Amino acid sequence: MPTDLQALRDLEHVGLGSPTADEAFDRFARLVRRHLRVPAAVVYFVVRDGQVLAGASGMPEPMQSQRLLQHPGTVTSVITTRGEPVVTADARLDPALRDTYLVREMGLVALAGYPVFDLRGRAVGALCAVVDEPREWSGDDLDSLADLAASCTAELRLRAERERARRIQETAVRANRRSRFLLSLSEAFANANTMDQVEEVIIEVATAGIGARYCAFAVADADGRGVTYRSLVHAEPQFPQRFRQAKLDDHRPLAEAARTGRPLFFRTSEEMHAAYPGFREYCDPDVEARAFLPVVTAGAVVAVVMLAWERDRGPDKDSYALQTGLAHYTGHALERARLLEERRESAKTLQRAMLSRLPEVPHLDMAATYSPATRSDQIGGDWYDAVAVDDDTTMFMIGDVTGHDMRAAAKMGQLRSLLRAFAWSHDESPSALLSLLDKANSGLGLLASGTAVVARLERVPGGYQLTWSTAGHPPPLVLRQDGSVERLSALPDMMLGIRPTAKRTDHVATLRPGDTLLLYTDGLAEQRGTTPDQWLNRLQKTLGMLGDTATAALPVTLVRRLASDDQRDDVAVLAVRVRATAPSGPPSLGRPATAERKLAPSLCDVGPARIWVDDVLESCGVPMPLRRTVMLLTSEVLTNAVDHGQAPFTATVEVDLEKLRVGVRDSSVVQPELRDPAVTEFGGRGVQFLERLASRWGVDRHGVPPATDRPRAGRVNRRTGKTVWFELDLT
């Protein structure tokens with residue numbers, strides 16, 4: 001019996017390792033019987049359990065059916081041991097053969113057997129002719145048997161070659177599939193520059209590429225004491241939210257993978273439940289296999305990817321390579337995303353440090369924002385500024401210096417400083433200021449190019465006069481109080497840095513109380529493949545939808561809605577709203593300031609009404625901390641009136657030197673109630689706010705008629721109703 005384990009494996013690979021009849025070798029056995037006229041013939045191969053009779057004809061039962069000979073020391077084993085033919089006319093007379101099992105127990109007398117060799121020339125079996133009585137073998141008999149044995153060798157080697165070719169092809173296919181998968185991983189992660197994008201790629205690759213049913217992505221906590229799933233949207237449905245975070249010393253597979261840095265594979269759910277019995281009730285019963293893959297960078301575990309499959313899945317070489325490849329690329333993507341995020345934050349901090357804080361100007365509500373490009377870790381050339389020239393005049397500026405690097409940022413800082421100084425020291429029109437800036441840009445050797453808008457807002461009776469000039473910049477927009485948006489279109493002048501002596505022009509418009517001026521850079525709405533008119537129309541439409549948005553939130557909201565996640569350009573936005581004022585003027589001794597506003601019977605008018613109240617209070621000199629409390633209480637009484645009252649609605653504001661009063665009147669006589677709502681209730685707390693925050697509050701009833709004089713159902717008596725009011729002391 002051969003001792004070469006590789007020979008045994010080769011026989012198993014070609015299907016000859018189990019006791020099963022083989023059609024081809026059965027044919028060889030029948031040929032031996034027919035040509036040599038013997039009662040029995042066999043083709044056997046030596047395996048771990050004995051000798052498999054792949055081909056057999058005329059053998060006694062149960063050997064003919066079972067096809068396995070397990071007795072040691074048989075006559076046939078001598079052939080493979082020697083690797084030479086064994087021919088005997090009477091084995092009973094041969095001292096080397098007479099005590100073997102086939103001779104002693106099975107009645108074998110005459111035997112002629114030739115070895116069968118594999119690809120490496122090892123004798124792994126034999127073709128034998130068996131006779132139960134003495135027989136002299138002729139030369140033709142032995143020649144025929146030798147030829148048939150050679151045919152058996154050829155058949156075995158052909159099968160081995162086919163199996164070898166199949167395995168090579170299979171290996172090549174697996175390698176190609178693995179290479180294509182890794183290439184797709186590389187391409188998928190190449191554009192993942194944020195943590196959210198990395199997570200999206202992991203989910204897509206795990207489900208579509210690896211075939212996982214569920215996937216979850218956990219990131220190491222900043223303190224290094226645990227890991228937290230970023231989202232459970234794609235995790236197993238039964239997994240509870242309270243297990244979203246895991247400490248490193250918890251007895252959980254997620255914690256163990258993060259703690260040890262070694263991947264965990266569970267072929268079946270029972271394997272995992274045996275190791276972690278406390279998690280059976282939180283796992284999907286339809287899920288079998290699971291894997292927890294630690295993501296390691298710089299020797300530390302920074303994340304863990306959890307995969308789950310609905311069928312048993314052993315950690316074979318291919319799946320292990322794909323999963324570890326996913327963890328490897330995830331590590332690089334996370335490292336890059338974190339580095340880019342740190343650089344973006346640094347760039348944003350530096351850029352904001354270079355931008356001035358907006359001044360506080362009476363009767364104007366201002367807000368601005370700057371957002372760097374997501375594809376760049378450098379500060380850019382976008383900027384904004386505002387200079388309060390005097391009590392009635394304020395200059396607003398916005399610009400975009402060509403470039404997205406440190407050089408552009410440096411030039412931006414110099415241009416902005418020059419323009420800021422000119423606006424403060426020169427009482428000139430916007431066009432004159434841009435001309436001064438362009439000449440200084442050339443004369444001082446800055447040689448920066450870019451676009452800009454300078455706007456002068458000057459207070460006039462009934463509002464503000466807006467004078468602006470543009471140097472190749474997108475046109476300003478005005479959000480009117482009625483919700484319409486006006487594009488201040490004018491033929492733009494030459495951009496900065498091209499021809500310093502170019503003529504520049506001023507343009508004039510009027511802003512009334514409630515109107516908002518919007519200055520912005522082109523990164524806000526500009527899109528590839530669209531014309532300027534198309535993206536400006538998109539910007540106008542979006543701005544018109546934000547008519548009830550507070551000025552402080554308007555720039556940021558526009559950036560979030562219009563600038564995509566893959567933001568290719570820096571964005572600067574500056575919004576200036578003309579506040580409404582009390583028609584009676586500020587309060588004075590013996591004469592309070594008063595204002596009144598009608599409300600539409602819709603919650604959509606609550607926001608604008610709240611902003612109007614804040615404007616009136618600001619014009620009366622009410623400080624900001626107190627106005628914040630007023631805004632909270634005003635929101636409650638306005639919302640309660642529209643929700644539970646009857647039209648018409650009227651908001652009134654009264655401010656004297658000692659207190660302020662806000663009231664909301666409606667036509668309903670139903671009184672508000674002080675309730676103690678349950679924690680699960682969404683409403684019912686408005687009156688509690690009044691009770692706790694207001695100096696005083698109450699309800700005034702108006703013109704309630706006797707029961708006999710009350711109007712019929714369905715009609716509203718506009719002379720009746722109530723006013724819910726509150727007061728706050730100013731001292």
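Buried means under 20% relative accessible area, and exposed means over 50%. Keep those two cut-offs in mind for the close-ups below, which come from a predicted model.

View 1. Let's start with His363, which sits in the loop between α10 (317–354) and β13 (364–371). Is His363 buried or exposed? Its relative accessibility is 15%, so His363 counts as buried, given that the limit is under 20%. Now look at the backbone: phi of His363 is near 70°, a positive value in a residue that isn't glycine. Most residues other than glycine have a negative phi.

**View 2. Leu447, another loop residue with a positive phi.** Leu447 belongs to the loop between α12 (430–443) and β16 (450–460). Here too phi is positive, at about 55°, and Leu447 is no glycine. With 61% relative accessibility, Leu447 counts as exposed, because the cut-off is over 50%.

View 3. Most peptide bonds are trans. The bond that joins Glu61 and Pro62 is cis, though, with omega about 5°. You'll find Pro62 in the loop between β2 (50–57) and α3 (63–66). The peptide bond from Ala647 to Pro648 is cis as well, and its omega is near 0°. Pro648 is part of the loop between α16 (624–644) and β24 (649–655).

**View 4. Asp385 and its neighbours.** Zoom in on strand β14 (residues 382–388) and you'll come across Asp385. What does the side chain of Asp385 make a polar contact with? The partner is the side chain of Arg420, at 2.7 Å. Leaving aside residues up to four places away in sequence, Asp385 touches several others, among them Ser356, Met397, Arg416 and Leu574.

**View 5. Strand β7 and the strands it pairs with.** Strand β7 (residues 214–220) has six of its seven residues buried, so it is largely enclosed by the rest of the structure. β7 pairs with strand β12 (residues 300–308) in the antiparallel sense, over six bridges. Four bridges link β7 to strand β8 (residues 226–231), again in the antiparallel sense. Pick out Ala218 to see both pairings: its bridge partner in β12 is Val304, while in β8 Ala218 stands opposite Tyr229. β7 and β8 make a hairpin with five residues between them. In that turn, Gly224 has a positive phi of about 75°.

Definitions and conventions. Residues are numbered from 1 along each chain as its sequence is written. This is a predicted model: local features need pLDDT of at least 70, side-chain atom pairs count only at pLDDT 80 or more; totals for chains, interfaces and linings use all residues. Side-chain values use heavy atoms; hydrogens and water are left out. Helices (H or I, at least four residues) and strands (E, at least two) are DSSP runs, numbered from the N terminus. A polar contact is a pair of N or O atoms within 3.5 Å; within protein, one must be able to donate a hydrogen and the other to accept it, and residues adjacent in sequence count only if both atoms are side-chain atoms. Contact means heavy atoms within 4.5 Å. Buried means under 20% relative accessible area, exposed over 50%, partly exposed in between (1.4 Å probe, protein chains only). Two strands pair if DSSP finds at least two bridges between them.
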